[in-house]
Amino acid sequence: MTARFSRRLAHRLATALVATAVAAPLAGAGRAETVGPVTDAIGVVRIAKGQPLLIGGLMVLSGPDLALGLDASRGAEIAFDDHKNMLLGHPVKYLPEDAGCSVEGGQTGATRLAANGQILGVLGTACSSEARGGAPILWNAGIPQALTGATAPALTAPDRAVGLQGIARFVYNDINAAAAAVKYAQGLKVTRVATLHDGSLYAEQLAKVFGEQFKAAGGSIVAAEAISPSDTDLRPVLTRIGTAKPELLFAPVFVGASAYLVRQVKEVPGMSGTPLLGTDAVMAPAFLEAAGDAAVGYRMTGINNDPALLGERYVEFRKKYVDKFGEEPISGFHANGYDAATAMMLAIEKVAKTDAGGTTYVGRKALRDALLATRDLKGISGTLSCDAYGDCGAGTFAVFEYTSGDPTSFKEGVNPKRISP
């Protein structure tokens with residue numbers, strides 16, 4: 001089942017990428033266009049005086065994983081507020097679309113955004129599968145994309161498909177997340193580890209990279225299993241894993257699967273005492289709602305938003321978050337949303353030209369190039385500089401542990417509490 005599911009997913013991803021790449025022949029490199037004072041190889045967006053400057057969003061905004069997208073989207077809104085929701089004399093209008101944390105959702109949301117010829121850039125995605133589905137569509141429309149939570153290494157790999165080359169990632173790459181998980185495993189002095197993923201681009205790649213790094217460090221991967229995101233009975237796969245007698249199970253899966261995992265693992269012979277390690281994909285109140293008291297003791301590696309580490313700007317930003325939305329951040333990606341929005345606005349300011357009548361013109365290729373050329377941006381999450389492949393993220397990692405199953409007790413750094421460093 002595992003191998004067949006992975007092959008089906010890989011085929012769907014490849015088919016989706018090819019389909020979206022050929023759907024719009026412009027492929028991000030259409031005819032040169034001159035509008036007003038701007039000539040651009042892809043096209044020019046004209047914003048008349050008094051009209052809004054449009055920035056889209058492509059985030060998971062519904063379902064069990066909505067915290068990943070909503071948290072980042074809220075961070076972006078605060079960035080716009082800090083600019084008084086104005087840019088170059090135009091009001092900023094933010095248009096987020098729900099991408100559902102899936103390839104299909106990314107395609108649907110990106111198609112809606114690409115149909116609006118006035119959208120300059122897009123913030124998000126929050127999930128890697130969303131980016132895999134949506135990025136080629138945005139590329140074809142000449143719209144650059146500032147990722148807020150999509151961390152799969154393939155999205156910014158040197159050999160990535162052309163349709164992914166409009167991406168700038170303002171969050172960590174999972175190559176670094178895997179290294180943090182390996183470091184945690186080494187701290188436990190375990191040598192035999194099993195992995196479990198749910199077939200998503202994020203989980204499959206993170207489990208793979210973790211396995212490679214753990215073996216390179218001298219450990220053994222004694223089982224590498226997969227489930228479907230819709231699976232609700234994990235006992236059969238956990239039973240198979242248990243026969244390999246792992247000393248740790250690394251399972252970078254999303255909220256639904258993680259809740260079933262922590263509820264069912266203690267029922268499986270050979271696994272009831274095995275430590276579990278997840279990721280910040282489940283740093284959300286929804287996980288506590290689904291897992292209840294079974295969440296207590298569950299550990300995860302994740303982005304470290306320690307105010308003592310990020311400084312006074314982060315403290316002030318977090319206060320704005322609470323004042324605006326009436327609650328503490330609901331995931332770990334709020335600072336990344338703020339930084340992605342800031343980078344997008346700075347790139348727009350860099351390339352835009354405004355005539356004497358107050359009309360603004362933005363070249364699409366110029367904007368994409370400016371976003372990907374972000375250097376030394378003093379962001380909320382750290383100092384951000386893009387490399388040649390669009391990796392711009394900063395930040396460090398920590399290990400967290402849930403101490404209560406009460407969803408109302410969720411507070412990043414408290415429940416789950418930071419246990420290392």
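Mentor: Helices here are DSSP runs of H or I with at least four residues, strands are runs of E with at least two, and both are numbered from the N terminus. Axes are lines fitted to C-alpha atoms, for helices over the stretch in contact, and the angles run from 0 to 180 degrees between N-to-C directions. The model is a predicted one, in which local features need pLDDT of at least 70 and side-chain atom pairs count only at pLDDT 80 or more, whereas totals for chains, interfaces and linings use all residues. Residues are numbered from 1 along each chain as its sequence is written, and side-chain values use heavy atoms, with hydrogens and water left out.

Trainee: At what angle do helix α11 and helix α12 pack, and how far apart are their axes?

Mentor: Two packed helices are described by the angle between their axes and the distance between the axes. Helix α11 (residues 312-325) and helix α12 (residues 334-351) meet at an angle of about 100 degrees, and their axes are 11 Å apart. Angles under 35 degrees count as roughly parallel, over 145 as roughly antiparallel, 65 to 115 as roughly perpendicular and the rest as oblique, and α11 and α12 are therefore roughly perpendicular to each other.

Trainee: Which residues of α11 and α12 make the contact?

Mentor: Contact means heavy atoms within 4.5 Å. On the α11 side the contact is made by R313, Y314, F317, R318 and Y321, and on the α12 side by H334, A335 and Y338. Ala, Val, Leu, Ile, Met, Phe, Trp, Tyr, Cys and Pro count as nonpolar, Asp, Glu, Lys and Arg as charged, and the others, Gly among them, as polar; the residues of this contact accordingly divide into 5 nonpolar, 1 polar and 2 charged.

Trainee: How many aromatic pairs does the structure hold?

Mentor: Rings of Phe, Tyr and Trp (its six-membered ring) pair if their centres lie within 6.5 Å, and planes under 30 degrees apart count as stacked, over 60 as edge-to-face and the rest as tilted. The structure holds 11 such pairs. In one of them, the rings of F80 and Y94 have their centres 5.4 Å apart and their planes at 55 degrees, so the pair is tilted. This pair links distant parts of the chain, since F80 belongs to helix α2 (residues 66-82) and Y94 to strand β6 (residues 90-98), 14 residues apart. Elsewhere, Y172, F333 and F397 form one aromatic cluster.

Trainee: Are F80 and Y94 buried or exposed?

Mentor: Buried means under 20% relative accessible area, exposed over 50% and partly exposed in between, with a 1.4 Å probe and protein chains only. F80 is buried, at 3%, and Y94 is buried as well, at 15%.

Trainee: Which residue lies over the face of W139?

Mentor: A charge sits over a ring if NZ of Lys or CZ of Arg is within 6 Å of the ring centre and within 35 degrees of the ring normal. Here R368 lies over the face of W139, at 3.9 Å from the ring centre.

Trainee: What should I note about the backbone at K84?

Mentor: K84 has a positive phi of about 60 degrees although it is not a glycine; K84 sits in the loop between α2 and β5 (86-87) and, at 70% relative accessibility, counts as exposed. L88, in the loop between β5 and β6, likewise has a positive phi, near 60 degrees, in a residue other than glycine, but L88 counts as partly exposed at 29%.
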